[in-house]
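Please view the sequence and the structure before reading on.

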Amino acid sequence: MTDKIDKEPADTPPPASSAPQTIKAIPVRHYGRYVSAVVVLALVALLVNAFATAEKIQWSAVGDKLFDSTVLAGAGRTLLISVLAMVVGVVLGVLLAVMRLSKNPVTSWVAWVYIWFFRGTPVYVQLLLWFNLALIFPMLNLGPIYKDEMTDVMTPFMCALLGLGLNEAAYMAEICRAGLMAVDEGQTEAAHALGMSHARTLRRIVIPQAMRVIVPPTGNEFINMLKTSSLVYAVTYNELLRATSTIGSTSYAVMEMLFVASIWYLVMTSVFSVFQYYLERRFARGSSRNLPATPFQKIKANLLGLRRERGAA
């Protein structure tokens, strides 16, 4: 005869008395954010009111001179000298970066000295050196190719181009060197194993991959170049700042014309900042899974967030 033992399950759930209640999420109130926002808005309002009520500032002159032909011509020259100087800086910067990474100690040392000098001296000083170069070399003599007085060669435009372009080349050389070093050395070794020369390896393999690292900071350098171009005022190149200053000195509206120059600098840098943003987003496609949101996507996300908070409240 077999004994029967009744076994009950060890983990028997208790009978459900009622359905679980829905959790009501209450958003956390960040009162510190509201207080700081009010303080910042109050300070901004005081600053705006101080400028708006200043008796010595003729705001009508700002609107009248904003699209003056002289101001527009100065803005155009600012864009022209910035673009040309950036082209010189990029081309020479790539060359200096390759020289810096060369196994030839002479070329590497020459590139290092160039970068050391132009990064270590102010742009303003370099512009004055080019402007007064005739004090050292009165005549530019290239033999049968070209011969002329240095004062005729070093025009304000040439001084501005050399001063800005050669200085930018030193910074672009470091940016390009970082981009070249970011490419895996195995790429170069594989290209050499296939019989490609060093120059062809750089042109076909290394530089195209390094562009992902080089291009985004290059856009930032160009925006900085737009602002640095105001220093060519020292070599009498008639760019935006000099054009507005000339009008201000004759019309006795010095501050008003400085505001006009600031507006145009802000417009130009803002436009190119948008280009830089989308350029960085494009080159991030191969290295980032989630691309950064565009300005319109950020605005849409913020509006949706505000609606959700209002709905929860």
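This is a predicted model: local features need pLDDT of at least 70, side-chain atom pairs count only at pLDDT 80 or more; totals for chains, interfaces and linings use all residues.

## Nonpolar surface patch

The patch covers about 850 Å² and is made by Val106, Trp109, Val110, Trp112, Trp116, Phe117, Val125 and Leu129.

Two helices, α4 (105–120) and α5 (123–131), each provide at least two residues of the patch. Val110, one of the patch residues, lies in helix α4.

## Packing of α3 against α7

Helix α3 spans residues 69–100 and helix α7 spans residues 156–182. The two pack with their axes 5 Å apart, at an angle of about 45 degrees. Angles from 65 to 115 degrees count as roughly perpendicular and those under 35 degrees as roughly parallel, and α3 and α7 are therefore oblique to each other. Their crossing is right-handed.

Among the residues of this contact, 22 are nonpolar, 3 are polar and 4 are charged.

## Salt bridges

Side chains of opposite charge can pair when their charged atoms come close. The model contains 3 salt bridges. One of them joins the side chains of Glu174 and Arg100, with a distance of 3.1 Å from N to O. This pair connects distant parts of the chain, since Glu174 belongs to helix α7 and Arg100 to helix α3, 74 residues apart.

Definitions and conventions:
Residues are numbered from 1 along each chain as its sequence is written. Side-chain values use heavy atoms; hydrogens and water are left out. Axes are lines fitted to C-alpha atoms, for helices over the stretch in contact, and angles run from 0 to 180 degrees between N-to-C directions. Helices (H or I, at least four residues) and strands (E, at least two) are DSSP runs, numbered from the N terminus. Angles under 35 degrees count as roughly parallel, over 145 as roughly antiparallel, 65 to 115 as roughly perpendicular and the rest as oblique. A crossing is left-handed if the near helix is turned anticlockwise from the far one by less than a right angle, and right-handed if clockwise. Ala, Val, Leu, Ile, Met, Phe, Trp, Tyr, Cys and Pro count as nonpolar, Asp, Glu, Lys and Arg as charged, and the others, Gly among them, as polar. Patches are made of residues with over 30% relative accessible area and no salt bridge: like charges are joined within 9 Å, nonpolar side chains (Val, Leu, Ile, Met, Phe, Trp, Tyr) within 5 Å. Accessible areas come from the Shrake-Rupley method with a 1.4 Å probe; for residues, only the protein chains shown count as cover. A salt bridge is a side-chain nitrogen of Lys or Arg within 4 Å of a carboxyl oxygen of Asp or Glu.
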